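Have the structure open while you read.

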Amino acid sequence: MKIVIQSSALGDLADGFDFYERIEPGLGGYFLNSSYSDIDSLQLYAGIHIIHFGKYHRLLSKRFPYGIYYRVEENTVLVRAVLDLRRDPKWIRRRLE
């Protein structure tokens, strides 16, 4: 299965990197490595996650409080967003619309 990370999700990953890098140098890199590993797992597990907001599956990150929101279209996984789940759910819903 092909995985496409949309520009919105790439921006989310960059924001997460910056956030964790400010906390501790090197932690941002660990965040990115962990997130890309989670995204890579979608090659095997895409489509098994619960649908949120009526449209997107959500994969929970294994090491950080982030959700990876994606859709499956034929043989392609479209990663729409990588969002901090500590945010207000209303903000997350608006971000995904």
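1. Start with Arg 86: in this predicted model, it is exposed, at 53% relative accessible area. Its salt-bridge partner is Asp 84, and the closest N and O atoms of that pair sit 2.8 Å apart. Asp 84, by contrast, is buried, because its relative accessible area of 15% falls under the 20% cut-off.

2. Where does Asp 84 lie? Look in strand 5, which covers residues 76-84. Setting aside residues up to four places away in sequence, Asp 84 touches Pro 65, Tyr 66 and Ile 92. The link to Arg 86 also shows up as a polar contact of 2.8 Å between the two side chains.

3. How many salt bridges does the structure hold? Three. One of them pairs Asp 12 with Arg 95, with 2.7 Å between the closest N and O atoms. Asp 12 belongs to helix 1 and Arg 95 to helix 4 (residues 89-96), so this pair ties together parts that are 83 residues apart in sequence. Asp 12 is buried, at 9% relative accessible area.

4. Another salt bridge joins the side chains of Glu 73 and Arg 71, at 3.9 Å from N to O. Both ends are partly exposed: Glu 73 has a relative accessible area of 38%, and Arg 71 has 31%. As background, side chains of opposite charge can pair when their charged atoms come close.

5. While you're at helix 1 (residues 7-23), find Ala 14, which lies in it. Ala 14 is partly exposed, with 38% relative accessible area. From Ala 14 to Arg 95 the C-alpha atoms are 16 Å apart in space, and the two residues are 81 apart in sequence.

6. Now the inside. Which residues touch the most other members of the largest nonpolar core? They are Leu 42, Tyr 70, Val 79 and Val 82, out of 15 residues in that core. Helix 1, helix 2 (27-40), strand 4 (66-73) and strand 5 each contribute at least two of its residues. Apart from this core lies another, of six residues, including Tyr 56, Leu 83, Ile 92 and Leu 96.

7. Beyond its neighbours within four places in sequence, Val 82 is in contact with Ala 9, Asp 12, Leu 13, Ile 39, Tyr 66, Gly 67 and Ile 68. Asp 12, in that list, is the partner of Arg 95 from point 3.

8. Helix 2 deserves a look of its own. Which of its residues are buried? Gly 28, Phe 31, Ser 34, Ser 35, Asp 38 and Ile 39. Viewed down the helix axis, they fall within an arc of 135°, so they line one face of helix 2. Among the elements covering them are strand 1 (2-5), helix 1, helix 3 and strand 3 (56-60), along with strand 4 and strand 5.

9. Last stop: His 49, in the loop between helix 3 (42-45) and strand 2 (51-52). Is His 49 buried or exposed? Buried, with a relative accessible area of 17%. Its side chain makes a polar contact of 2.5 Å with that of Tyr 70.

Technical notes. Residues numbered from 1 in each chain as written. Predicted model: local features only at pLDDT ≥ 70, side-chain atom pairs only at ≥ 80, totals over all residues. Heavy atoms only, no water. Helix = DSSP H or I, 4+ residues; strand = E, 2+ residues; numbered from the N terminus. Polar contact = N/O pair within 3.5 Å; in protein donor to acceptor, adjacent residues only side chain to side chain. Contact = heavy atoms within 4.5 Å. Buried < 20%, exposed > 50% of the residue type's maximum accessible area, 1.4 Å probe, protein only. Core = buried A, V, L, I, M, F, W, Y, C linked by side-chain atoms within 4.5 Å. Arc of directions from axis to C-beta. Salt bridge = Lys/Arg side-chain N within 4 Å of Asp/Glu carboxyl O.
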